[in-house]
Amino acid sequence: MPHAAAARDDQPPPRILRVQEEPRLDVLINNAGIFQCPLMRTEDGFEMQFGVNHLGHFLLTNLLLGLLKSSAPSRIVVVSSKLYKYGDINFEDLNSEQNYNKSFCYSQSKLANILFTRELARRLEGTNVTVNVLHPGIVRTNMGRYIHIPLLVKPLYHLVSWIFFKTPEEGARTSVYLASSPEVEGVSGKYFGDCKEEELLPKAMDESIARKLWDVSEIMVGILK
């Protein structure tokens, strides 16, 4: 089955823009991410974490919705983080023009992933296209490369990561589960961890905030109809 998956921020993008050559699209996994980087901006001028972690997924998914619908039953998977709990959607400064806090901006972008998923699920009702969101846990990748670790502490950090962090394969299991398991056929708008549905905080289920974020995101990426 052909599928499309977003690239990590340190790799060139896959052949997404030529997806029109494919007759169908069964699964889209939005997995691009950047974690607590210094203040940087995308080529379009967006704060990097909000741009990569949310707006990129939002735009890509919307561009592919027609093909996903025509390929139904199809699935969309969005990778978020447990750290969404420490974020809020700051509509007064979404692009960090007034202030930048790298931890808050990461959590804001991960909360945006969940709100986007839930609003998209609402919009896709009756189309046989499902969308779910997950947290992968703490995975041993280079996502933490912008976090400063004192030289003397690094050996201990690496030891702890090898003992307690998930391998990339383990971290990907819930994404693969949501993309392919018959157990979640027809399930949409839910939040998962370790291949099980989990509860969300009320702020991640606020329908009015989700709709407002959708509308603002449409304007930011230029697809407002």
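Colleague: In the largest nonpolar core, which residues touch the most other members?

Modeller: Leu 68, Ile 76 and Leu 120, out of 35 residues. This is a predicted model, where local features need pLDDT of at least 70 and side-chain atom pairs count only at pLDDT 80 or more, while totals for chains, interfaces and linings use all residues. Residues are numbered from 1 along each chain as its sequence is written, and side-chain values use heavy atoms, with hydrogens and water left out.

Colleague: What makes a set of residues a nonpolar core?

Modeller: They must be buried Ala, Val, Leu, Ile, Met, Phe, Trp, Tyr or Cys residues, joined through side-chain atoms within 4.5 Å. Buried means under 20% relative accessible area, exposed over 50% and partly exposed in between, with a 1.4 Å probe and protein chains only.

Colleague: Which element gives the most to the 35-residue core?

Modeller: α1, with eight residues. Helices are DSSP runs of H or I with at least four residues, strands are runs of E with at least two, and both are numbered from the N terminus. Apart from that core lies another, of ten residues, including Leu 134 and Tyr 177.

Colleague: Why is Asn 132 called buried?

Modeller: Its relative accessibility is 3%, and the limit is under 20%, so Asn 132 counts as buried. Asn 132 belongs to strand β4.

Colleague: What does Asn 132 touch?

Modeller: Leaving out residues up to four places away in sequence, its partners include Ile 76, Thr 117, Leu 178 and Ser 188; contact means heavy atoms within 4.5 Å. Ser 188 is 56 residues from Asn 132 along the chain, yet their C-alpha atoms are separated by 5.5 Å.

Colleague: How far is the backbone oxygen of Val 187 from a polar atom of the Asn 132 side chain?

Modeller: It's 2.8 Å.

Colleague: How much confidence does the chain carry?

Modeller: Mean pLDDT, the predictor's confidence in each residue from 0 to 100, is 88, and 80% of the residues reach 70 or more. Over residues 1–17, though, the pLDDT is below 50. That stretch still has 36 contacts in the model beyond near neighbours in sequence.

Technical notes: Polar contact = N/O pair within 3.5 Å; in protein donor to acceptor, adjacent residues only side chain to side chain.
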